[in-house]
Amino acid sequence: MTRAAARAAYLGGDFHTAAQLVETALETASPSEAAMLRCDLTRYLYLVGRSAAAQDQLRVAGTLARGGRDEAEATWLATTGWLRLHHLEFALAIDAAREALELARTLGLAEIEADVLGQIASLEVVQLSPEKGLARAEEAIAAARAIGDLDLVAEIYVNVAASLETMGDQAGATAYLEQKLPIVEAFPRPTLAGTFLKLALAQLLTHEDRIDEAAHIVGGMDPRRLHGVTRILFRLTQAEIAAKVGNLSAAMLWIDELDISGWAYSDQWHTQLDELLKVVAEGFDRPTDD
Amino acid sequence: MSPHLGASVTLLGDDGEAITSMVVFSDDHQIYVAVPGEWGARPQPDGLFFEVTWPGTNGAHVLPVVAYAEEVAHGRHLWRLTISGEYRFDQRRRYVRVRVQTPMTIANLVGASGDSERATMLDVSETSLSCAVDDVTWLDAPAKTPVRVRFTVADLQFVANGVVLRTTPIGSDHNPEGARVVVIFEHRMDFADRLRRAVFEEQRRRIAEERELIERNAPEE
């Protein structure tokens with residue numbers, strides 16, 4: 001129940017609450033539950049910028065799960081792949097993900113299988129070729145759809161696009177997300193990763209100076225329903241759009257509402273904010289229409 | 001921070017549905033609200049995430065909660081909303097306002113003297129500022145009283161005419177130690193452009209200071 005509640009908080013973008021719920025559950029968890037809870041906690045702690053604490057949790061989970069050849073070990077392997085992927089340790093990540101995939105298939109754990117297939121798709125984009133990675137992504141998406149996990153489907157889209165961007169193919173990442181946007185919009189319910197996808201696409205479009213299209217995407221979103229990372233991305237994108245069109249008052253207001261510390265993406269967002277501040281400063285040297 | 005008894009609140013669901021209810025009890029950890037009529041015949045919640053929001057001055061209070069139905073008497077239910085995240089206030093401002101603590105002057109242009117008085121600027125945006133003055137007679141200045149202010153933002157000096165929006169006592173209402181005066185500037189495009197840039201510079205300084213503070217206080221991992 002607590003694990004599900006934490007996952008619900010995570011899917012709502014509230015990673016801090018997700019981590020707190022798992023930490024509380026750990027106090028009364030049995031050893032077998034503890035391994036999987038610590039794997040969940042690893043992801044949540046990493047996402048709130050506590051990378052070292054996340055690695056500690058994963059290490060402890062490994063001592064509990066390694067060698068068990070059960071769901072706990074498959075979860076630990078999948079989480080190891082996930083964390084390595086986020087640390088851009090691609091070779092280590094793919095080893096763990098492949099081992100997780102094999103074990104998940106042996107045990108018939110469809111959720112873990114879909115998750116690690118998604119990871120492998122992102123890794124193959126970087127390590128092998130975009131074509132192979134994209135083909136693998138379709139396999140992962142089919143697996144995620146088979147278990148009805150729309151959040152995972154959207155997450156795979158976002159991660160594959162991020163891998164394309166990592167490879168310097170920004171146009172490819174944009175085209176990929178543009179192609180996937182209608183699919184996500186047709187989902188019967190909103191998903192965190194779907195929202196993330198829209199915002200990631202809006203950011204890419206903004207950076208390519210396709211401002212009207214970016215503004216159309218964020219303009220259709222209700223900020224009251226955005227939490228955590230999605231709220232930050234929404235405000236950052238709005239600020240970038242406002243700065244690019246020379247509406248400096250609006251850009252300043254969005255910047256004022258940014259609170260980007262304490263997340264895994266904080267360094268990246270700080271870099272974006274620095275760039276944004278430069279754009280706004282340059283805007284003062286040009287005639288404005290606001 | 002939680003809504004007061006009897007307050008009308010809106011519960012925003014993860015799926016975007018907005019339903020209204022009323023607060024019947026609250027403390028630091030939970031809020032009890034009436035079962036929303038719009039909920040209809042759906043199963044009562046047992047761990048559903050919502051954001052409870054209620055209006056405030058210039059914005060909306062927002063509190064993440066988890067809702068549980070609870071029987072309080074003979075089949076009568078309330079919803080217990082357990083606070084599950086950080087309170088926030090969604091602003092409805094149109095312009096950035098930066099907080100400052102710098103000396104300035106303000107002159108009341110009504111009457112003969114029009115002498116400038118010393119004041120401390122508290123915050124400033126491209127359209128307005130607020131300042132603290134020792135002279136409690138400012139509390140008698142009605143809205144729209146014309147004033148002239150001189151102040152500095154980001155090392156740039158400004159002189160502007162404006163009007164009083166409101167005044168509020170500093171300290172106790174009965175024995176105030178001074179007055180807080182909010183001034184709206186008379187609209188001049190070039191002035192607003194110049195001031196906006198200065199406010200931005202101040203904003204940029206503040207962002208840099210905040211980041212330095214966070215980095216200095218970050219736990220070493």
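Author: **The S11–S12 pair of chain B**

Strand S11 (residues 146–153) and strand S12 (residues 156–171) of chain B pair in the antiparallel sense, with 8 bridges between them. Strands here are DSSP runs of E of at least two residues, helices are runs of H or I of at least four, and both are numbered from the N terminus; two strands count as paired if DSSP finds at least two bridges between them. Before going further, please keep in mind that this is a predicted model, in which local features need pLDDT of at least 70 and side-chain atom pairs count only at pLDDT 80 or more, while totals for chains, interfaces and linings use all residues. Residues are numbered from 1 along each chain as its sequence is written, and chains are lettered from A and ligands numbered from 1 in the order in which they are written.

Let's go along S11 of chain B. Val149(B) has Ala160(B) as its bridge partner in S12(B), and Arg150(B) is bridged to Val159(B) of S12(B). Arg150(B) is also the bridge partner, in S11(B), of Thr105(B). That bridge brings in another strand: S8(B) and S11(B) pair in the antiparallel sense over 4 bridges.

Val147(B), Val149(B), Phe151(B) and Val153(B) make up the covered face, while Pro146(B), Arg148(B), Arg150(B) and Thr152(B) make up the uncovered one. In a regular strand the side chains alternate between the two faces of the sheet.

Now for the turn. The hairpin of S11(B) and S12(B) has 2 residues between the strands, and Ala154(B) there takes a positive phi near 50 degrees. Asp155(B), in the loop between S11 and S12 of chain B, has a positive phi of about 70 degrees although it is not a glycine. Most residues other than glycine have a negative phi. Asp155(B) counts as exposed, because it has 8 C-beta neighbours inside 10 Å; the cut-offs are 12 or fewer other C-beta atoms within 10 Å for exposed, 20 or more for buried and partly exposed in between, with C-beta atoms placed from the backbone.

Arg69(A) has a positive phi near 50 degrees and lies in the loop between helix H4 (51–65) and helix H5 (71–86) of chain A. Arg69(A) is exposed, because 12 other C-beta atoms lie within 10 Å.

Stepping back, the pair belongs to a barrel of 6 strands in chain B, closed in the order S8-S9-S10-S13-S12-S11 with antiparallel pairing. Neighbouring strands of this sheet are turned by 40 degrees against each other on average, direction ignored. Helix H1 (residues 189–217) of chain B lies across strand S8 (98–108), strand S9 (116–124), S11, S12 and strand S13 (176–185), at about 145 degrees to S8(B). Axes are lines fitted to C-alpha atoms, for helices over the stretch in contact, and angles run from 0 to 180 degrees between N-to-C directions.

H1(B) also takes us to the other chain. In all, 22 residues of chain B are in contact with 26 residues of chain A, contact meaning C-beta atoms, placed from the backbone, within 7 Å. The elements giving two or more residues to the chain B side are strand S4 (46–56) and H1, and H1(B) provides the largest share, 7 residues.

Notes: Contact = placed C-beta atoms within 7 Å.
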